[in-house]
Amino acid sequence: MAVVMTPKKACAVNPLKMSQPIGGAFAFMGLRGAMPLLHGAQGCTSFGLTLFVRHFKEAVPLQTTAMTEVTTVLGGYENLEQAILNIFNRAKPKIIGICSTGVTETNGDDVDAYIKLIREKHPQLARLPLVYVSTPDFKDAFQDGWQKAVTRMVEVLVEAPAVEALRDPARVNVLPGCHLTPGDIDELRAILEDFGLQPSFLPDLAGSLDGHVPDEFTPTTIGGIGVDEVAVMGRAGWTIAIGSQMRRAAEAMQAKTGVPFRVFERLCGLLPNDEFIAFLSEISGRPVPSKYRRQRGQLADAMLDTHFHIGGRRLAIGAEPDLLFDLSSMLNDMGVQVIAAVTTTDSAVLERVASEEVLIGDLEDLEELAESKGCDLLITHSHGRQAAARLKIPFYRAGFPIFDRLGAAHHKSVGYRGARDLIFAIANLVIEDREQNRKPTPDTWRKSNLPSTPYQRGFSDRTERHIA
Amino acid sequence: MSSLPATVRDIFNEPGCAKNGSKPENERRKGCTKQLQPGIAAGGCAFDGAKIALQPFTDVAHLVHGPIACEGNSWDNRGAASSGSDLWRTGFTTDMNETDVVFGGEKRLSRAIKEIIDKRDPSAIFVYQTCVPAMIGDDIDAVCKAATRKFGKPVIPVNSPGFVGSKNLGTKLAGEALLEHVIGTQEPDNITPYDINLIGEYNLSGELWQVKPLFDELGIRILSCISGDGKYREVASSHRARAAMMVCSRSMINVARKMKERYEIPFFEGSFYGIQDSSDALREIARLLVERGAPGHLIERTEALIAREEARAWAAIEPYKPRFKGKKALLITGGVKSWSVVAALREAGLELVGTSVKKSTEEDKERIKELTGQDAHMIEDMPPREMYKMLKDAKADMMLSGGKSQFVALKAATPWLDINQERSHAYMGYAGMVKLVEEIDRSLFNPMWEQLRRPAPWNALARAMAQVHSPAAPSISDPAIDERARRAKKICACNTVDLGTIEDAICSHGLTSVEAVKQHTKAIGGCCKRRIEDILQSSPRPVLQAAE
């Protein structure tokens with residue numbers, strides 16, 4: 001049982017957190033033909049855009065209502081109207097997703113009312129879905145923006161099925177949290193299809209941000225789930241929500257369409273996947289394909305091979321709640337001690353993190369904790385690179401953004417196979433660190449190396465020496 | 001102390017800016033940026049610009065007062081390099097929450113300043129204002145003033161909230177903060193007749209260090225670089241320099257001009273991109289320093305160094321020139337550097353099919369015209385879709401631009417080189433020019449492009465199937481007419497050579513390369529090179545075998 005601590009500092013140093021509006025915009029990027037629009041100053045969009053481009057190495061659609069000091073004073077109606085019309089005329093989107101920002105929330109812009117007015121004034125927009133989500137910068141974090149946007153998509157875009165309409169048990173809605181990569185989504189799609197199920201992912205980043213070379217250059221998203229497909233999600237047999245953050249969206253789906261849901265808080269590791277695969281077998285009425293029986297064996301074997309290196313490690317992890325919970329639990333299952341856990345925003349899963357406390361804080365907090373408590377494995381996003389260099393411990397990059405290494409979109413952690421690859425990658429970092437930085441010398445054991453405080457590395461070193 | 005709107009007005013009245021001076025009075029009042037268009041706008045805000053301009057000061061704590069978006073989404077994302085402190089790369093923000101928005105964020109800001117001084121003891125703190133605290137009326141000037149008094153350490157307000165305008169305006173507002181609070185507040189330990197300031201040079205990828213050895217050799221001291229690898233003390237005492245060079249075109253022209261007015265430091269605008277520009281810049285620095293009292297032999301020593309460095313650079317570039325002959329480049333970048341990069345590319349022997357002049361002044365455009373001849377294609381504003389089409393149609397062999405438009409080129413399977421702030425290579429001075437040429441060569445002649453441009457097997461198969469099936473398809477037209485129409489298709493538009501002529505040449509002479517086709521027909525093989533390659537590839541095997 002972890003205690004959730006909130007910060008006492010006035011100054012956040014080396015932020016772990018990113019803002020809510022770009023989390024919301026990120027969700028809209030998983031819709032086909034979409035143009036996410038931040039209602040704020042142009043910098044709000046520009047910073048977010050740069051961040052996405054650096055992470056995905058892809059062209060990313062993201063627009064701005066370009067609020068200025070004057071328009072902020074007057075209210076943002078005209079800017080929003082112009083932005084929607086300009087996007088409609090130039091980019092010809094299938095949907096525009098609008099997120100508010102700190103500027104327009106401080107101002108108190110009533111965007112819902114604006115949209116109503118804009119629709120009255122411009123009948124040509126009648127068939128263009130406009131989904132608005134309120135995401136002030138000064139509240140919550142990236143993950144919250146994502147889940148709020150998906151919830152709004154369900155509320156606005158999914159049609160309530162007619163009473164007599166039949167459900168198709170083969171169709172399954174999947175609501176992935178923002179901690180899943182396009183690679184994860186593709187993996188899940190393959191798994192579900194192997195059970196004869198037809199999944200609809202909302203949002204589907206695998207279609208839009210998986211790195212592809214299209215024939216045409218379009219200003220909107222290219223792949224992703226179509227608005228028409230979202231509309232009929234109410235006919236599915238089940239909704240699977242991945243990550244605790246998606247519970248609200250799944251509930252909204254059930255409230256609107258009656259589709260029952262199941263939340264999988266974790267999909268990394270042996271037991272969570274056993275549960276997941278058993279569930280798929282149950283709802284599809286099919287036996288588990290032999291492929292997954294073999295993959296389970298591979299994961300079990302990978303755990304055997306890697307536990308020498310991973311077991312006993314003292315982990316410092318900084319991530320958004322669902323990713324933090326998933327990865328730290330998986331590693332804890334393999335004997336890792338979760339010593340320092342820092343996250344961005346409150347969540348129901350935090351108190352179940354396998355550590356004494358979870359701090360809602362920044363990377364300075366994480367670095368200080370890792371240093372003072374002698375952690376020897378660091379997991380966070382790319383902004384942890386400076387801390388990692390100072391701490392001189394193995395650093396596994398996870399989450400968003402990863403801008404200083406390539407292939408972030410294809411990292412997998414879900415499924416037996418994703419967990420297998422993840423623990424191999426972490427174990428290899430540990431091995432590399434040992435080879436490069438911890439070679440024994442004639443003086444290594446001259447002084448007593450018995451742990452004098454409980455915080456010194458004990459267990460992991462002993463384990464390693466046996467196999468070294 | 002003047003209010004922010006007054007400062008902005010003052011900047012828009014910049015007499016040192018040629019573009020501004022050429023505008024009629026009523027337009028000048030609107031400011032130097034085009035009105036931002038909601039839904040079409042791209043680019044950073046004024047806060048972004050201020051941060052770009054000042055963040056390279058390495059021993060300063062840069063504290064962003066605002067909600068998480070402004071710093072959380074953007075920190076540690078620039079490639080400036082430091083020879084000392086890493087403090088500038090640390091992200092500090094007040095991360096304002098809802099309570100701060102309701103009750104004001106000044107208290108939190110004061111506490112944040114104290115925390116930073118207690119923990120890091122920086123040379124100075126720069127406090128950046130952002131939109132939300134500006135809206136709720138947080139007075140950062142007052143907070144900074146109080147903190148400076150309390151801690152005996154410079155705490156400098158940078159009043160450039162994002163919504164006042166563009167990145168460019170923000171850079172100038174950052175300059176105003178330096179002028180008002182920093183420059184001239186300290187004295188250098190010693191002064192020499194060889195002291196210069198570099199203004200608007202950010203040491204991206206460490207490129208300042210590509211020219212610094214040249215200064216060192218000449219005995220010229222960079223008293224202060226604003227702001228690449230800069231230190232607070234250096235900029236605070238920069239008013240004692242003898243001359244200044246404005247490096248990044250006009251982004252900080254207000255600093256250069258006001259330093260001239262206040263401290264009589266003459267300045268010139270120059271660039272270290274390209275061989276000729278580097279030489280001109282060195283000459284100008286030497287001339288200004290001698291004018292201000294440096295010994296006259298500096299000029300001769302400078303000339304000798306230029307001669308040596310130019311010879312070295314030309315020798316290194318020479319082997320590339322024949323390889324670049326006829327290669328066409330498209331240059332999309334901010335006006336600041338377009339003419340200097342144009343000059344650099346011309347020196348390497350590349351042909352320019354277009355360069356963006358969106359942010360350039362009339363003077364810039366004149367320079368580009370001079371450099372490229374009358375036919376230079378100046379692009380005011382090109383939507384990505386058109387850029388993509390231009391590249392896909394092989395109207396350019398390569399694109400050089402900033403990171404945001406890279407995918408336009410890459411997705412068209414066209415070589416691309418990053419020449420903006422996120423780039424990972426340094427391109428300044430003579431060494432940098434050689435590096436740029438090397439990088440262009442590596443990119444242009446990568447064998448990968450050819451593979452990437454080939455159709456996927458299923459597409460190739462589909463095309464072959466279509467060919468097989470098309471005669472059988474119900475057609476009321478005469479096959480002979482169809483064939484004539486097919487053969488009449490223009491392949492080389494410049495010299496009007498049709499498909500039939502090329503096919504016949506390939507068939508009767510057994511040609512296998514574009515070069516050979518060029519010899520046997522009037523085809524130029526420039527923009528039509530790829531089309532000819534396709535024809536060569538699709539020519540039926542037996543013909544080729546028969547020719548062998």
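A residue is termed buried if 20 or more other C-beta atoms lie within 10 Å of its own, exposed if 12 or fewer do, and partly exposed in between, with C-beta atoms placed from the backbone. The structure is a predicted model, in which local features need pLDDT of at least 70 and side-chain atom pairs count only at pLDDT 80 or more, while totals for chains, interfaces and linings use all residues. Residues are numbered from 1 along each chain as its sequence is written, and chains are lettered from A and ligands numbered from 1 in the order in which they are written.

Chain B comprises 28 helices and 15 strands; helices (H or I, at least four residues) and strands (E, at least two) are DSSP runs numbered from the N terminus. Of the 548 residues in chain B, 47% are buried. Contacts are defined by C-beta atoms, placed from the backbone, that lie within 7 Å. Among the contacts of chain B between residues at least 6 apart in sequence, 70% join residues at least 24 apart.

The interface involves 53 residues of chain A in contact with 53 residues of chain B. On the side of chain A that touches chain B, the elements giving two or more residues are β2 (12-13), α1 (20-28), α2 (42-56), β4 (63-64), α3 (69-74), α4 (77-90) and α5 (102-107). The most is given by α2(A), with nine residues. By class, this side of chain A divides into 25 nonpolar, 21 polar and seven charged residues, where Ala, Val, Leu, Ile, Met, Phe, Trp, Tyr, Cys and Pro count as nonpolar, Asp, Glu, Lys and Arg as charged, and the others, Gly among them, as polar. The two chains are also linked through strands: β2(A) runs antiparallel to strand β2 (residues 92-93) of chain B and is joined to that strand by two bridges, pairing being assigned if DSSP finds at least two bridges. A:Val13 has B:Phe92 as its bridge partner in β2(B).

Within chain A, helices α8 (residues 182-194) and α17 (residues 415-437) pack at an angle of about 145 degrees, with their axes 9 Å apart. Axes are lines fitted to C-alpha atoms, for helices over the stretch in contact, and angles run from 0 to 180 degrees between N-to-C directions. A:Asp184, A:Glu187 and A:Ile191 of α8(A) meet A:Gly415, A:Arg417 and A:Gly418 of α17(A). This contact has one nonpolar, two polar and three charged residues.

In chain B, helix α14 (residues 275-291) has 17 residues and should span 24 Å at 1.5 Å a residue, which agrees with the 24 Å between its end C-alpha atoms; the expected span is 1.5 Å times one less than the number of residues. Buried positions in α14(B) include B:Ile275, B:Leu282, B:Ile285 and B:Leu289. Just after α14(B), B:Gly293 takes a positive phi of about 115 degrees.

Most residues other than glycine have a negative phi, and most peptide bonds are trans. B:Asp121 has a positive phi near 45 degrees and lies in the loop between α7 (106-120) and β3 (124-129) of chain B. B:Asp121 counts as exposed because it has 11 C-beta neighbours inside 10 Å. For B:Glu264, phi is positive and near 55 degrees; this residue occupies the loop between α13 (253-263) and β8 (267-269) of chain B. With 10 C-beta neighbours inside 10 Å, B:Glu264 is therefore exposed.

The peptide bond from A:Leu202 to A:Pro203 is cis, with omega near -10 degrees, and A:Pro203 is found in the loop between β8 (198-201) and α9 (205-208) of chain A. A cis bond also joins B:Ile226 and B:Ser227, with omega about 15 degrees; B:Ser227 belongs to strand β6 (residues 221-227) of chain B.

Notes. Contact = placed C-beta atoms within 7 Å.
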